[in-house]
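Colleague: Please take a close look at one chain of this model for me. I would like to see how it is built and how it meets its partner.

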Amino acid sequence: MSKVLLIGSPNSGKSLLFNRLTGLHHKVANFPGITVDVSTGRVPDLPDVELIDFPGTYSLQAISADERVAVDYFERSLDDPDVSHVLCVVDATRLEKSLYFTLQVIRESARHGKPVTVLANMMDVLESHKLSLDVEQLAVELQAPVVPVSGRSGKGIDRVIAALRGDMVLPQTWATERSVDVPDEQLRVKAHKLAQRFGTSGDVLIRNQTRLDGIFLHSVTGGFAFFFIMYLLFQSIFTWAAPLMDAVETVLGVAADWIVPKIGNQTARDFTADALFGGVGAFLVFVPQIFILTFVIGLLEDSGYMARAALICHKPLRLFGLTGKSFIPMLSGVACAIPAIYAARAIDSPRKRLLTYMAIPLMPCSARLPVYTLLIAAFIPASTALGGLVGWQGLAMFMIYFFGMFCGLLVTALVSRTSKDHHSDLPFVLELPPYRLPSLKPLLRTCWNRSKHFVTKAGKIIFAVTVGVWVLGYFPNFGADLGTSWLGYLGHIIEPLFAPLGLDWRYGVAILSSFLAREVFVGTLGTIFGIESADEQMAPLVQHIQNSDMTLGSGIALLVFFAIALQCISTLAILAKESGSSSLAVKMFAGYFLFAYAAAVAVYQLTNLFT
Amino acid sequence: MNTNLWSLKSGDRCEIVGYDDALDEKYRIRLMEFGFHPGESVSCLQSLAFGAPKVYRVSNTVFSLDDEVASHVLVRIATPHE
């Protein structure tokens, strides 16, 4: 089995070529903590060849940690005796962007004695504008064969296969020894000269791009387009994903109804119903959201709009230490932090990505909504002011949503100003690729891989914690009474912790169980108060809370606590996997707990002063 | 007239003269890799409102740069007949 490396700069159409060469025979490996994915696939026409698709990179001179990993992996692969060939993709329509990198790849490959074939991609675009590229002469200058191809139409793929078979005879004059020791500076000058000689000139290739940018980046039409597209994105994860999420729950419910009654032992039956189906359901329900958000973001990236959206948002977000690319993950976080953390992969600067990770859990996610609804209904009067124009409950909901976003931006602003680590930062130099129609197949492949990553990586952690919490709530009285379970006992132990918020052990238990998912708080509180289906019908629970001795201060303190605290095991699990750092997840959990607790105590004490 | 890239307005063209010393070495290298070489012609395609990053064209590629980068790229504004 020989290996072939496929490498190229971003936006060179490399993924489409990979898909063309491998069909659907591939798998993806992920480097934890960075945005780098390496796909490997079999080429059907060459059964003994494995194609390795490297992440797009602009240079072999890495300037960020992510790039370093990709470049190191490429250089290590060149040492691998099984690697027989390197395919380097260039965008034939924009040679000046790719040639320096290509010359670096040719030099490094020559050092390791590996042959390189340059794939001049997007020839269909050149031909559609009646332009051409002198591939023979370019090959002579690069000292490597150049194959004109089109990833979109598939034209030229047979010649790539021929090159990999070794059917392409290289001229004797291509003595690679000469290029082995050429320093980067000389390669840069050579690339510049070659681009001027072989690159296309004139406006024809960017005419459409300039015209569309005139609309999408215009201060009026661009603003409308931005809000409309972001609205659709938000709808996709909030509304369109809902039926699919319901379907997952229904399928699991039907399966549980079918399997559970067949189990004889009561404990085994409860475990299967609540821990197994409950636990699996707790994370499988996020898969449609992850799939849909990845799909929509992929559409935005492939169409070229993502870069424009990042440009539009960059300036205001920079004030808070973020980048324009942070906007979509943060907006997604208003629906759910889990797909939002995946969406942060689009941020190439490791420092900005870390700051975005910190902001996402503070976005007011949909799981907080039932908690907010319950507490606001219990403590804020349903009356209105200004002739019905302002409803106090609506205003309270708006304020708590805004409070979460404010806290997220406050945290990133403070951390970015106090942490001086600029080594993992990247300058804001953003390529605005041409607008293109997205290709569905590679996009669906990415969505599938992302969903699979969630289920196989984060799913294990989420499931383990779900089982742990179930055991605590079930034993030693076998599910008879949550109040006298180990979880109830823990609630009593931590009661002094919540006493400064005016909360007793029952709220402590509900907060502990809400670690599985925030909305579990409502159901648990209902169970403790002896109210059936409190998560579906809140009114009796609201009544119960109002009749208890809980004060307005405690209610507002709980709202503030839930707005800040990161008690969501799914978010923490995916944060640990995506950042490659379990300690980051633990630190964020502890940090936000302390922040939430301190803010809640302060709010409780302040409210008590005025009531 | 010598100035920096950030000062260009939509429709302006210039030639890159060099980079100022405040620009981090790795950023300078990355800009050169993108095609922002001294001597290269650059045009400003769009200068957006509220200090948003500007859009520049180098050869057939379009980039967006914010003021933290563009203000360190030294340029000579091209006269209309250039």
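Modeller: Start with a cut-off: a residue is buried if 20 or more other C-beta atoms lie within 10 Å of its own. By that rule, 46% of the 82 residues of chain B count as buried. Keep in mind that this is a predicted model.

Now the overall build. Chain B has two helices and six strands. Along the sequence they follow the pattern β-β-α-β-β-β-α-β. How large is the radius of gyration of chain B? It is 11 Å. A compact globule with 82 residues would have a value near 12 Å, so the two agree. The C-alpha atoms of chain B fill a box of roughly 30 × 30 × 25 Å along the principal axes. Contacts also reach across the sequence. Take those in chain B between residues at least 6 apart: 63% of them join residues at least 24 apart.

Strand 3 (residues 41-46) and strand 4 (residues 54-58) of chain B pair in the antiparallel sense, over four bridges. Find Gln46(B): opposite it, in strand 4 of chain B, stands Val55(B).

Then go to where the chains join in the sheet. Strand 10 of chain A pairs with strand 5 of chain B, again in the antiparallel sense, over three bridges. Here Leu430(A) stands opposite Ser64(B), which belongs to strand 5 of chain B.

The whole contact takes 30 residues from chain B and 31 residues from chain A. On the side of chain B that touches chain A, at least two residues each come from helix 1 (25-33), strand 3, strand 4, strand 5 (61-65) and helix 2 (67-70). Helix 1 of chain B gives the most, with seven residues. By class, this side of chain B has 16 nonpolar, eight polar and six charged residues.

Note on methods. Residues are numbered from 1 along each chain as its sequence is written. Chains are lettered from A and ligands numbered from 1 in the order in which they are written. This is a predicted model: local features need pLDDT of at least 70, side-chain atom pairs count only at pLDDT 80 or more; totals for chains, interfaces and linings use all residues. The radius of gyration is taken over C-alpha atoms; the globule rule is 2.2 Å times the number of residues to the power 0.38. A residue is buried if 20 or more other C-beta atoms lie within 10 Å of its own, exposed if 12 or fewer, and partly exposed in between; C-beta atoms are placed from the backbone. Two residues are in contact if their C-beta atoms, placed from the backbone, lie within 7 Å. Two strands pair if DSSP finds at least two bridges between them. Ala, Val, Leu, Ile, Met, Phe, Trp, Tyr, Cys and Pro count as nonpolar, Asp, Glu, Lys and Arg as charged, and the others, Gly among them, as polar.
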